[in-house]
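User: I would like to go through this structure in a few careful questions, with the criteria behind each term stated along the way.

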Amino acid sequence: MSPHFLMCPPDHYGIEYEINPWMDRARQSDHTEAVRQWEALRRLLETCGATVSCMAPVAGLPDLVFTANAALIHVRTAILSRFRHPQRRGEEPHYAAWLADHGFRIVRPNAPGAFEGAGDALFCGETLFAGYRIRSDIATHQEIAGILQCRVIPLELVDPRFYHLDTCFCPLAPGKAIWYPAAFDTYGQKALRDQIGDLIPVNEDEALRFACNAVVLGDRVIANTGCPELRRQLERRGFTLYETPLDEFVKAGGSAKCLTLRLDEDE
Amino acid sequence: MTNPSPAARPCIGTCVEDVEVRGHIIDSLILPKILDSIGAGGGTFRIKEITIGQTPADPSYALIEVRADDEDTLQRILGRIADHGAVPTATHDCRLGIADIAGTFPEDFYSTTNQRTEIRLGGKWIAVQAQEMDCGILADPVGRTARCIPMTEVRSGDPIVLGHAGVRVFPEQRSRRHESFEFMASEVSTEKPKQVAIRQIARELRANREAGHRTAVVAGPAVVHTGSSEFLQYLVREGYVHLLLAGNALAAHDIEAALFGTSLGVRLESGGPVEGGHAHHLRAINRIRRAGSLRNAVETGVLASGILCDCVRHGVDFVLAGSIRDDGPLPDVITDVLEAQRVMREKLRDVTFCLMIATTLHSVAVGNLLPAWVRVVCADINPSTAIKLADRGSFQTVGLVTDVAPFLRALVEELAVMDSVGWPSQAVISQQSRL
């Protein structure tokens with residue numbers, strides 16, 4: 001069965017508000033270029049053997065394009081996001097509707113606070129690694145552990161530029177992941193080192209190119225351009241890095257991973 | 001990263017909150033992070049309960065007591081650790097009900113213990129004053145105060161705490177008692193090395209006096225029967241006793257001894273009966289009644305010696321509580337039991353050490369009124385007295401099974417050595433020993 005992703009075309013994408021250090025309304029994205037980059041990513045995924053489903057873009061919801069934040073998908077369960085910032089809360093019903101229409105069991109966490117889906121919750125093997133403080137709250141992660149009956153390791157994110165876990169951590173395979181250590185506090189760094197045997201660090205320059213915001217398809221890794229050191233590290237381990245330009249989305253604080261939601265996670 | 005110093009510090013500070021955290025708090029290092037945050041924020045902690053998950057999917061759980069010296073520091077710490085998932089266990093104020101009938105609590109009232117207690121009002125924890133077992137809690141939501149209130153004192157319209165929510169109790173730490181009574185634990189035994197125990201009690205009494213704290217003595221008439229009055233008088237004269245609690249009998253026998261040299265008609269010096277002696281105690285009571293009060297009797301020279309006389313002369317407060325079988329009674333005896341209890345409660349308020357000697361009913365009555373942090377030593381030939389005290393909730397009682405005379409003699413000897421005043425003289429001891 002081929003990997004299956006949810007994407008949302010960037011018809012209404014743009015920098016309309018500022019909710020992270022990347023966003024600057026004075027530095028608008030080039031719409032034509034954004035569409036071209038998004039299409040290129042989609043084609044690359046399909047070339048790599050993935051199936052891509054698309055949800056309808058909605059005017060006034062520029063960040064709907066970042067489908068990774070729709071929910072955390074586990075088998076056929078979707079734990080829906082509750083966004084920290086009101087600017088993105090309008091996306092929630094659209095994600096919920098699409099996922100419900102496509103057969104997912106919808107779960108809304110009861111815990112108070114925010115949770116931003118696969119942007120802050122990533123499985124590496126059987127363990128769910130969960131970023132908290134900037135966009136998601138730890139209470140939701142603790143509730144998810146109970147819902148999914150799995151081990152959840154909360155990791156505090158301390159650098160606002162890396163506001164979601166998927167901007168500084170990317171599982172490649174059980175026991176193997178890419179990370180940008182300075183995005184975590186010392187406890188999180190130690191917990192990750194304790195739990196994951198092979199952690200591939202990326203330097204600050206490549207982290208700022210969103211090297212960690214990569215899509216993994218077996219031994220193929222898709223990321224933004226400009227990450228030569230990551231390429232070397234991955235090739236040494238038998239992975240191939242496919243680079244595709246995504247700078248128009250980096251302007252909003254997102255890249256390959258943010259633009260996709262894996263729907264067949266851990267099936 | 002993990003600074004061991006906060007963990008090594010004892011849990012101290014007057015402002016306190018229990019927090020709980022659950023999840024995979026060990027592998028993720030969330031628990032050490034929380035504990036370190038408490039220390040870094042200027043607080044201390046004690047892990048009251050911890051459950052570690054057995055399988056990788058099982059969450060762990062920790063209940064943590066957080067303390068700080070002031071409320072602001074505590075709130076800062078709580079805010080910081082809340083971000084890591086540690087949340088207060090109590091999030092609701094206590095529930096209040098209005099007393100609808102005077103002298104009764106509303107149904108479902110919170111029944112107090114003698115342990116330190118706090119209630120949550122307006123989001124803040126408030127210490128309950130006048131801690132006493134078997135009472136209710138009267139709350140003042142406006143003035144943010146609370147105190148224990150006995151059932152009989154409830155007035156219609158009083159706001160009374162209901163249920164257990166928003167109430168927390170701090171059991172007295174055993175270790176605090178171990179500082180002075182480690183060797184005795186709190187059990188009653190006839191086999192304990194008494195001399196060592198008595199020396200410890202003497203030290204405690206002396207420390208209490210030196211610290212300017214108040215000591216109460218609860219005494220039964222056996223103190224007089226056994227010829228031990230002199231020893232108790234020593235304690236009174238030397239400032240070791242600040243409050244004497246007894247019944248009509250102790251006072252009547254003390255006065256009989258002072259006026260006639262007998263106790264229930266038996267000559268204290270020789271142990272032999274005296275003709276007409278059976279009426280001595282009633283004549284003694286009558287003489288004091290004629291004087292109007294014990295104080296008048298002392299001031300007019302009617303009563304010139306004895307325990308009560310020394311109490312009057314040395315300004316030591318006394319409460320004589322009556323019972324249905326009393327002869328007389330003496331004019332100072334409070335015959336209304338509720339009034340007696342009220343007066344005892346009031347006078348016991350600042351007492352920090354209580355010595356109970358040879359009386360069951362008065363010891364239990366006083367024990368019921370004392371908060372758990374008041375140190376209680378019960379010396380009685382009958383082991384059941386200390387057992388009864390403990391059974392009725394005065395768990396802090398240290399029991400010493402001993403005859404009253406050797407106990408008080410040894411206690412006074414220890415104190416005398418400590419005071420280095422050379423009292424009692426060998427002659428006095430020899431004289432007392434013959435009795």
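User: In what order do the strands of the open sheet of three strands in chain A lie?

Analyst: This is a predicted model, in which local features need pLDDT of at least 70 and side-chain atom pairs count only at pLDDT 80 or more, while totals for chains, interfaces and linings use all residues. Residues are numbered from 1 along each chain as its sequence is written, and chains are lettered from A and ligands numbered from 1 in the order in which they are written. Strands here are DSSP runs of E with at least two residues, helices are runs of H or I with at least four, and both are numbered from the N terminus; two strands pair if DSSP finds at least two bridges between them. With mixed pairing, the order in chain A is β12-β13-β14.

User: Which are the edge strands of that sheet?

Analyst: Strand β13 (residues 220–223) of chain A pairs with β14(A) in the parallel sense over four bridges, and A:Ala223 stands opposite A:Glu243 in β14(A). An edge strand pairs on one side only, which in chain A applies to β12 (215–217) and β14 (240–243).

User: Is B:Leu338 buried or exposed?

Analyst: B:Leu338 has its place in helix α12 (residues 337–347) of chain B. A residue is buried if 20 or more other C-beta atoms, placed from the backbone, lie within 10 Å of its own, exposed if 12 or fewer, and partly exposed in between. Because B:Leu338 has 11 C-beta neighbours inside 10 Å, this residue counts as exposed.

User: How are α13(B) and α14(B) oriented to each other?

Analyst: Helix α13 (residues 361–369) and helix α14 (residues 383–391) of chain B pack with their axes 10 Å apart and at an angle of about 25°, where axes are lines fitted to C-alpha atoms over the stretch in contact and angles run from 0 to 180 degrees between N-to-C directions. Angles under 35 degrees count as roughly parallel, over 145 as roughly antiparallel, 65 to 115 as roughly perpendicular and the rest as oblique. The two helices α13(B) and α14(B) are therefore roughly parallel.

User: Which residues of α14(B) make the contact with α13(B)?

Analyst: Two residues are in contact if their C-beta atoms, placed from the backbone, lie within 7 Å. On the α13(B) side the contact is made by B:Ser363, B:Val364 and B:Gly367. On the α14(B) side, the residues are B:Thr385, B:Lys388 and B:Leu389.
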